[in-house]
Amino acid sequence: MVSSTLLVMSISLFLGLSILLVVHGKDFNQDIDITWGDGRGNILNNGTLLNLGLDQSSGSGFQSKAEYLYGKVDMQIKLVPGNSAGTVTTFYLKSQGLTWDEIDFEFLGNVSGDPYIVHTNVYTQGKGDREQQFYLWFDPTAAFHNYSILWNPSHIVFYIDGKPIREFKNLEVLGVAYPKNQPMRMYGSLWNADDWATRGGLVKTNWSQGPFVASFMNYNSENACVWSIVNGTTTTSPCSPGDSTSSSSSSTSEWFSQRGMDSSSKKVLRWVQRKFMVYNYCKDKKRFSNGLPVECTAKNKNTKS
């Protein structure tokens, strides 16, 4: 792991040329503020590790220093091991205000030996109710795994270790609100939700197993559009939501201009949803007795990707 300073190396090539390789250290101190928890959240190991703690008095949480208007953000997380029933670990994007936008990863704790459930949701203008839940196909407490959110003008995609598990498309043409105007910060937290988290609240948090700890590493926001106001003018760096061609790098242009998933990604998405999905709001006709949300019935006849 490199330090928080920039590491510059001169590399000689066989043609007699040389290049400068600049490596950015993943230092939480530069990107993250711990915002609550009264000391239960800590940045360790020269900024390369962030631990959140939960006990019977309080959980803890953090947020990004920057706000983003579109982006691809990644975080490596190792979830609470053992009997974590009742606990929830989160990684999400959220704007402010009463009509906020939000893109959620929430990891619902379990009785030791049971699989974790990944709870996902998308809020637009303060309205959610778009939950999809999945079992994980690995032990998320044994090692760090990478969780990613891609949010661009065309769609939102949730990834786990590079595998897409969910897509929410921009269907404004059909009257479905889409997050596009409100900048969001990245947040993470560990908190007690034993009124609903494990088996609908039937299994309560066993505080004798605490304190509980979730760990975070390698937050990557290099492909996110940093939102700011300069001299009264709103800007997004390094990209402009109004024009994907203004991106400053090919990697930014690639995710920003992406209109849908390619065939191989769609195949993986179908595999995950077929094998591991445990709840889909688009299938819950009892909950939506007056008709499923528009995006559910339009999913097979929306704009081409």
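Mentor: Begin with a definition: a residue is buried under 20% relative accessible area, exposed over 50%, and partly exposed in between (1.4 Å probe, protein chains only). This is a predicted model, in which local features need pLDDT of at least 70, side-chain atom pairs count only at pLDDT 80 or more, and totals for chains, interfaces and linings use all residues. Residues are numbered from 1 along each chain as its sequence is written, and side-chain values use heavy atoms, with hydrogens and water left out.

Trainee: Is Arg287 buried, partly exposed or exposed?

Mentor: The relative accessible area of Arg287 is 32%. Buried needs a value under 20% and exposed a value over 50%. Arg287 therefore counts as partly exposed.

Trainee: Which residue meets Arg287 in a salt bridge at 3.1 Å?

Mentor: A salt bridge is a side-chain nitrogen of Lys or Arg within 4 Å of a carboxyl oxygen of Asp or Glu. The partner here is in the loop between strand S11 (117-123) and strand S12 (132-135), while Arg287 is in the loop between S20 and H4, 158 residues apart. Helices (H or I, at least four residues) and strands (E, at least two) are DSSP runs, numbered from the N terminus. The N to O distance is 3.1 Å, and the partner is Asp129.

Trainee: Which residues do salt bridges that share partners join into one network?

Mentor: Asp129 is partly exposed, at 38% relative accessibility. Salt bridges that share partners make one network, and its members are Asp129, Glu131 and Arg287.

Trainee: How many salt bridges does the structure hold?

Mentor: One of them joins the side chains of Asp33 and Lys65 at 2.6 Å, N to O. Asp33 lies in strand S3 (residues 32-36) and Lys65 in the loop between strand S6 (60-64) and strand S7 (67-68), so this pair ties together parts 32 residues apart in sequence. For the structure, the number of salt bridges is 8.

Trainee: Is Glu67 buried or exposed?

Mentor: The side chain of Glu67 meets that of Arg185 in a salt bridge of 4.0 Å, N to O. Glu67 is in strand S7 and Arg185 in strand S16, 118 residues apart. With a relative accessible area of 18%, Glu67 is buried.

Trainee: Which side chain makes a polar contact of 2.5 Å with Ser189?

Mentor: A polar contact is a pair of N or O atoms within 3.5 Å; within protein, one must be able to donate a hydrogen and the other to accept it, and residues adjacent in sequence count only if both atoms are side-chain atoms. Ser189 is in strand S16 (residues 185-192) and counts as buried because its relative accessibility is 7%. The side chain joined to Ser189 at 2.5 Å is that of Thr90.

Trainee: Is the disulfide of Cys282 and Cys296 left-handed or right-handed?

Mentor: A disulfide is a pair of cysteine sulfur atoms within 2.5 Å, and Cys282 and Cys296 have an S to S distance of 1.9 Å. Cys282 is in the loop between strand S20 (277-280) and helix H4 (294-297), and Cys296 is in helix H4, 14 residues apart. Both cysteines, Cys282 and Cys296, are buried. The torsion about their S-S bond is about -75 degrees, so the disulfide is left-handed.
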